[in-house]
Amino acid sequence: MTSAKSARRPHHWRRDLIELAALFTAVAVADAIANLIGHQPDGPYLLMASAVALVATAAFHTWWARRHSHAPPSDEADAASPVGAGATAGTATTAGGAEGTGEGGVAGAGEAGTTLWRMRTTVLDAPGSLAALCTALAGLRADILTLQTHPLAEGTVDEFLLRAPATLQAQELSRKIAAAGGASTWIERADAHDLVDTPTRVLSLATRTALDAAELPLALRQLLGRCTIHSLPAVSVTGRATGQSAPVEGVLEETVMRLRDPSGGVISVERPYLPFTPTEFARARALVELDARLGPRVPRSEDVLTLPEGNEITVRRADRGDLAAARAMHDRCSQDTLGLRYHGPVADADRYLDHLLSPRFGRTLAVQTASGRLVALGHLLWDGDETEVALLVEDDWQRRGIGSELLRRLVALAEEAGCDSVYAVTQSRNTGMVAAMRALELPLDYQIEEGTLVITARLTSEEAARPSAPTERARR
């Protein structure tokens with residue numbers, strides 16, 4: 001490689017001139033020294049001085065030749081070089097941070113054949129335990145992207161985000177980790193959202209919680225992974241005490257944590273397939289404390305729409321401040337409309353409003369006319385690990401596209417919240433709700449039980465929506 005490059009370097013006339021001058025200088029010095037030695041009594045000393053002069057001249061010549069012989073190669077040489085062609089771009093480094101360029105080349109080449117995994121395992125709290133896990137992962141060619149440690153009373157829970165070859169199966173990964181000393185190993189597929197580091201993700205969730213009280217259950221779910229969250233009110237819809245309470249500091253019982261709800265009652269978080277760690281419990285409690293300090297809050301954004309007949313309506317978020325207007329709308333609705341919405345005694349409809357308008361249980365959109373009268377409500381309700389959508393449109397404002405507009409916005413909120421699906425409970429004769437669900441153009445599932453129709457719209461693919469461990473789902 002070196003000889004080929006040297007053969008292509010351009011010839012420099014200055015080098016020949018310098019070498020010729022050095023040769024003449026050496027001959028002249030040698031002649032002068034010979035004459036002096038032959039006619040002077042101190043000839044040996046002069047001989048030594050001449051030797052020093054010759055050595056200095058040779059050193060100068062060598063330095064000059066090296067300085068001017070390392071000119072950059074020509075463009076043709078760069079094009080012929082393997083580095084110039086990109087063959088070793090992944091390993092080439094340059095000063096000032098070329099390692100980053102090399103890593104980018106390698107990662108870019110391997111991402112097409114890799115898979116992201118989230119893995120959690122428990123190891124003994126002893127020197128070398130983490131090193132054994134890392135060695136096992138290196139043997140599987142798994143790259144550790146992030147690592148978190150959760151100290152326990154006995155042992156440590158290590159949580160990894162891995163990029164591994166696509167051919168690596170979860171069973172093989174689990175066996176290698178067990179052989180390296182890991183116990184109670186839990187593995188699931190990850191996606192690009194998990195690449196965000198933990199401090200950044202926690203700050204983002206805290207910001208969302210600070211802006212909207214309805215975000216707290218969603219923030220807890222994203223913080224703790226796949227889990228089921230229930231808001232258990234202190235008072236039922238009938239006005240009777242439920243007995244649900246929790247101490248200020250909360251309760252942690254392996255796979256269940258109970259936190260005091262700032263609006264009253266208890267927030268119950270369950271994850272039966274993976275015990276919570278004290279670190280996770282502290283993070284969840286910090287989010288709940290932030291929500292309690294900020295108090296009730298709902299974003300006040302409004303959208304003004306024009307109906308086909310020309311009337312303008314305003315769509316906005318609603319909360320318990322709209323309770324009186326919602327009850328007035330109930331009074332204007334027919335019993336048939338209220339019966340299709342609440343599936344029970346019409347006289348009890350008002351009792352549900354306080355629960356439905358609470359940001360703790362979901363998000364509510366309200367539609368009001370130009371005069372400020374409330375004519376429709378759309379609810380997105382957190383039901384454990386599922387999400388329900390429900391609509392109520394005043395009789396005089398039905399068949400104008402209001403219900404479809406509300407449903408479309410509620411589904412968009414569900415997608416933004418990361419929900420896998422939404423479901424609506426209605427009756428088969430409620431053709432308006434059925435038509436609105438079909439207009440979403442999403443995969444729909446229909447279930448009919450004792451005259452009740454449950455329509456489920458899948459927001460993600462069936463593979464992505466499938467949980468990593470068996471979970472009990474109850475629809476109420």
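How do helix 10 and helix 11 run relative to each other, roughly parallel or roughly antiparallel? Before we get there, keep in mind that this is a predicted model, where local features need pLDDT of at least 70, side-chain atom pairs count only at pLDDT 80 or more, and totals for chains, interfaces and linings use all residues. Residues are numbered from 1 along each chain as its sequence is written, and side-chain values use heavy atoms, with hydrogens and water left out.

Back to the helices. Helices (H or I, at least four residues) and strands (E, at least two) are DSSP runs, numbered from the N terminus. The axes of helix 10 (residues 216–224) and helix 11 (residues 278–294) come within 10 Å and cross at roughly 165°; axes here are lines fitted to C-alpha atoms, for helices over the stretch in contact, with angles from 0 to 180 degrees between N-to-C directions. Helix 10 and helix 11 are therefore roughly antiparallel (under 35 degrees counts as roughly parallel, over 145 as roughly antiparallel, 65 to 115 as roughly perpendicular and the rest as oblique). Now look at who meets whom: Leu216, Ala219, Leu220, Leu223 and Leu224 in helix 10 are in contact (heavy atoms within 4.5 Å) with Glu280, Arg283, Ala284, Leu287, Val288 and Asp291 in helix 11. By class, that makes eight nonpolar, no polar and three charged residues (Ala, Val, Leu, Ile, Met, Phe, Trp, Tyr, Cys and Pro count as nonpolar, Asp, Glu, Lys and Arg as charged, and the others, Gly among them, as polar).

Next, click on Gln368, which sits in strand 11 (residues 362–369). Gln368 counts as buried because its relative accessibility is 16%; buried means under 20% relative accessible area, exposed over 50%, and partly exposed in between (1.4 Å probe, protein chains only). Leaving out residues up to four places away in sequence, Gln368 touches Ile313, Thr314, Arg316, Arg373 and Leu374.

Tyr446, over in strand 15 (residues 444–449), is partly exposed, because its relative accessibility comes to 45%. Setting aside neighbours within four places in sequence, Tyr446 is in contact with Arg438, Leu453, Val454 and Ile455. Tyr446 and Thr456 are 10 residues apart in sequence, with their C-alpha atoms 6.6 Å apart in space.

Finally, have a look at two loop residues. Arg141 lies between helix 7 (129–139) and strand 2 (143–151), and its phi is near 60°, a positive value in a residue other than glycine. Glu441, in the loop between helix 16 (431–438) and strand 15, also has phi near 60°. Arg141 counts as exposed at 69% relative accessibility, and Glu441 counts as exposed at 73%.
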